[in-house]
Amino acid sequence: MRQTAQGSLKTSEAQTTPLGADIWLHKTIPMGGGLGGGSSNAATVLIVLNRLWQLHLNQEQLITIATSLGADVPFFIYGQTAFARGIGEQLQPITIPEQHYVLVRPNVHIPTAQIFQHPDLPRNSPSTPNPSYAALQPLRNDMQNIVLQNYPPVAAAYRQLQAYGTPRLTGSGACLFLPTDSLEAAEYIRSQLSPNLESWAVSPLPAHPLKTYFQK
């Protein structure tokens, strides 16, 4: 897919550039899977254009721009594991144990807006004032039960993964992930799943590959 961006990039300091860019996007993760792929793409474009156009915007300025694009975009500008508050712009670093994951994608599309509008979605979940990995256990996704109850392919994939641990929904889905202690364990579990269930064994990144591209 080819996208062309022409015009100006504006910041709160009213800096502009007359430059443009031709952008080719090649997706290598499942689309519509709740993995933040679009948000990651948007953040990467901001980071690269900041470097390419020599705008010298710092991380805080880039996050201000990112907030207007989507709630998950600031996280990818931040570029490391973090706990997010507000509308995604209040980020706090968090340390988690080394983990690897089995990632599966049931063959179903889940409209995010439909899940957020569901009458059974909790609206008063308790906050976590001092987030840490221990304080966040067990992990909670308020959308998970709604998706499992309304989308049988996701529920079926969940039951398969449940034989090896506690799977979790990615955002509003449709992907599920299961933490493991090693990539080899993830590969083994993946080999035991139904062959018609799209799956991967993956390892996390410690930081965004382009984190050094913006000015601190």
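Two strands pair if DSSP finds at least two bridges between them. Strands (E, at least two residues) and helices (H or I, at least four) are DSSP runs, numbered from the N terminus.

This is a predicted model, in which local features need pLDDT of at least 70 and side-chain atom pairs count only at pLDDT 80 or more, while totals for chains, interfaces and linings use all residues. Residues are numbered from 1 along each chain as its sequence is written, and side-chain values use heavy atoms, with hydrogens and water left out.

**Exercise 1.** Find how strand 5 is joined to strand 7, and which residue stands opposite Phe 177.

*Solution.* Step 1: strand 5 covers residues 100–105, and five bridges join it to strand 7. Step 2: the two strands run antiparallel. Step 3: the residue opposite Phe 177 of strand 7 is Leu 103.

**Exercise 2.** Describe the link between strand 6 and strand 7.

*Solution.* Step 1: strand 6 (residues 168–169) is antiparallel to strand 7, with two bridges joining them. Step 2: Leu 169 stands opposite Leu 176 in strand 7. Step 3: six residues lie between the two strands, which form a hairpin. Step 4: in the turn, Gly 171 has a positive phi of about 60 degrees.
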